[in-house]
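Trainee: Before we start, could you take me through this model by setting each value against the definition behind it?

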Amino acid sequence: QAELARWRAQSPAHERAWQRAMAVSLQAGSIPASLGAPALSRPQRRASRRATVRALALLITAVPAGWLAWRMAPVQQWTASHATATGEWRSWTLADGSRMVLDTASAADVQFDARQRRIHLRAGALYVETAPDPQASARPFLVSTEQGEIRALGTRFSVRCGDGYTDVAVQQDAVEIRVRGGAEPLRLQAGQQLRFGSSEAGQVQTAQASASQWAQGVLAADNMRLDAFLAELGRYRKGWLRCDPQVAALRISGAFQLADTDAVLANLAHLLPVQISARTPYWITVLPLPH
């Protein structure tokens, strides 16, 4: 503690670096002593002070990277019957012949029994193409989230859950939605999408192509803000992908292959007046071009 206090007092840059480290550690957990001690114990000459700050900057990078690695494999992905890692999407043929595709960093439980066919989406997103029930007495096909339940009416649809909401987009036929705290079920037709929470639903909107094209490995953008585009692209990458506020409002359109997100980022520099700054492969910022 005494060595740390002396080091912080030696330079305003040291204090700023330490405050940044503390801000990160509040979210990511304490900094390992095996990493921190070498940075603080270096000789405090002018040149090595700069090296120390650089070392601490790398330390600040390393802690979020470890925290993000944990975030990319949370408990629900360890225990779910079906799960995907960051940057991965997988397809399964279910026991009734239906097809389910899980999006990046997603987890779901498939529970078929004598009374129902149910998928509980724990995290992320899924796409479903339902098949007729092979049993004589047709069982309902249900997808549930924390916010409610979607009943398939012979259809193709996608479901995505986030912080307190569920998005549903229908590509074929229709679904019936029951909000957990709602009264009457809502019917959603092909070409429509809806966001709902635990107690109420939003307005029915025209379904966006991006709601389901990820199931074919494509990120579709139609006049999308750059910050929103990068937030979506970042779901398929490990690490942090940041958009500078100066370029956040730029617009982008196109279909981008999710199998190579590095290539997508490289193409941004040809499509828009931006540059890509990579501190590490896991810490990338999209910046405006220099004047």
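Mentor: Two strands pair if DSSP finds at least two bridges between them, and helices (H or I, at least four residues) and strands (E, at least two) are themselves DSSP runs, numbered from the N terminus. With those terms in hand, Trp240 stands opposite Trp283 in S16. As for the basis, this is a predicted model in which local features need pLDDT of at least 70 and side-chain atom pairs count only at pLDDT 80 or more, while totals for chains, interfaces and linings use all residues. Residues are numbered from 1 along each chain as its sequence is written, and side-chain values use heavy atoms, with hydrogens and water left out.

Trainee: How do you know that S13 and S16 pair, and in which sense do they run?

Mentor: Four bridges join S13 to S16, where the definition asks for at least two, so the two strands count as paired, and they run parallel. Strand S15 (residues 274-280) pairs with S16 over six bridges in the antiparallel sense, Val274 having Pro288 as its bridge partner in S16, and S15 and S16 form a hairpin with two residues between them.

Trainee: What makes Asp109 and Arg122 a salt bridge?

Mentor: A salt bridge is a side-chain nitrogen of Lys or Arg within 4 Å of a carboxyl oxygen of Asp or Glu; the closest N and O atoms of Asp109 and Arg122 are 2.7 Å apart, so the pair qualifies. Asp109 lies in strand S4 (residues 107-112) and Arg122 in strand S5, so the pair ties together parts that are 13 residues apart in sequence. The structure holds 12 salt bridges.

Trainee: What makes Asp244 a residue without a salt bridge?

Mentor: Asp244 is buried, and the nearest side chain of opposite charge, Arg242, is 4.3 Å away; for charge, Lys and Arg count as positive and Asp and Glu as negative, while His and the chain ends are not counted. Asp244 is found in the loop between strand S13 (240-243) and strand S14 (251-257). Leaving aside neighbours within four places in sequence, Asp244 is in contact (heavy atoms within 4.5 Å) with Thr285, Val286, Leu287 and Pro288.

Trainee: Why is a set of residues called a nonpolar core?

Mentor: The term denotes a set of buried Ala, Val, Leu, Ile, Met, Phe, Trp, Tyr and Cys residues joined through side-chain atoms within 4.5 Å. The largest such core has 27 residues, and those touching the most other members include Trp214, Leu226 and Phe229. H7 supplies the largest share of this core, four residues. A second, separate core of 24 residues includes Leu94, Met100, Ile119 and Val143.

Note on methods: Buried means under 20% relative accessible area, exposed over 50%, partly exposed in between (1.4 Å probe, protein chains only).
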